[in-house]
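Biologist: I would like to learn how to read contacts and charged pairs in a model. Can you take me through them?

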Amino acid sequence: MSTKFKAVFYYDILSPFTYIYIKERHRLVQQLDITPIPVLLGGLLRSTNNHDPGEIAAKRPHTYQYCVWLAGKLKIPFRFPEHHPFSTVAAQRLLVQMDANWNVVKRAFDFVWRDGKDPNLSWSEFCVYLGLQANTPIPSSPEVKTKLIDNTEQAARDGAFGVPSLVVNGQCFWGVDTIDWTLDFLSHPTLFDEPSYQYAKHIPNGLI
């Protein structure tokens, strides 16, 4: 039996593309041992001078409708929550506090993107769905807050600028559409050392 490569997966339940990625994760599990790590997407975007498509009026309808199409194409149940974007601070802190494994992570995403619910509006129901007591409070300990910040900062250091982001062997793959690219990289570990890749990485910016 071959040894699996270690990988980390940065996520925030705000992201519909991360939900779809998780549904397609089975394509990678034979080759990768993937650890899910919760981050704050807003903090990650700010640290990389990036913006969520949901915050850009011109991109919002296209992006959201594409999610509907892609989920349908892949036969994945999909429903937008009551509103979007929404704050995920409480939910992401809870997932940090739980040291959430894949089963918990999948249920958290199903709650939002299959059942179409904002955890902030259904906190007790969200907690019960994750296997906790209905009266579980929103985490507020300094340790949990710090851990979520540290996760987010580490994601940026690893090259992530959004979610979903998978980091394996020092390479960061962003987006559900990079699963095939990841598989090619696992088959060809020197892929990024090829001249065309190195040129693309270091090509000068002609606007500055």
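**Contacts and charged pairs**

Modeller: Start with Cys-127. Leaving aside residues up to four places away in sequence, Cys-127 touches Leu-94, Leu-132, Gln-133 and Thr-136. Contact here means heavy atoms within 4.5 Å. This is a predicted model: local features need pLDDT of at least 70, side-chain atom pairs count only at pLDDT 80 or more, and totals for chains, interfaces and linings use all residues. Residues are numbered from 1 along each chain as its sequence is written, and side-chain values use heavy atoms, with hydrogens and water left out.

Biologist: Where is Cys-127 found, and is Cys-127 buried or exposed?

Modeller: Helices (H or I, at least four residues) and strands (E, at least two) are DSSP runs, numbered from the N terminus. Cys-127 sits in helix H6 (residues 123–129). For accessibility, buried means under 20% relative accessible area, exposed over 50%, and partly exposed in between (1.4 Å probe, protein chains only). Cys-127 has a relative accessible area of 0%, so it is buried. Cys-127 and Pro-139 are 12 residues apart in sequence, and their C-alpha atoms are 12 Å apart in space.

Biologist: Now the charged pairs. How many salt bridges does a search of the whole structure find?

Modeller: The general idea: side chains of opposite charge can pair when their charged atoms come close. The cut-off: a side-chain nitrogen of Lys or Arg within 4 Å of a carboxyl oxygen of Asp or Glu. The search of the whole structure finds 6 salt bridges. One of them joins Asp-33 and Lys-6, with the closest N and O atoms 2.8 Å apart. Asp-33 is in strand S2 (residues 32–38) and Lys-6 in strand S1 (residues 5–11), so the pair ties together parts 27 residues apart in sequence.

Biologist: Are these two partners buried or exposed?

Modeller: Asp-33 is partly exposed, at 33% relative accessibility. Lys-6 is exposed, at 62%.

Biologist: Which residue forms a salt bridge with Lys-23?

Modeller: Asp-110 does, and the closest N and O atoms are 2.9 Å apart. This pair links distant parts of the chain: Lys-23 lies in helix H1 (residues 16–24), Asp-110 in helix H5 (residues 102–113), 87 residues apart. Lys-23 is partly exposed at 29%, whereas Asp-110 is buried at 9%.

Biologist: What about Arg-114 and Asp-115?

Modeller: Their side chains meet in a salt bridge, 3.0 Å from N to O. Arg-114 is partly exposed at 32%. Asp-115 is partly exposed at 21%. Salt bridges with shared partners join Lys-23, Asp-110, Arg-114 and Asp-115 into one network.
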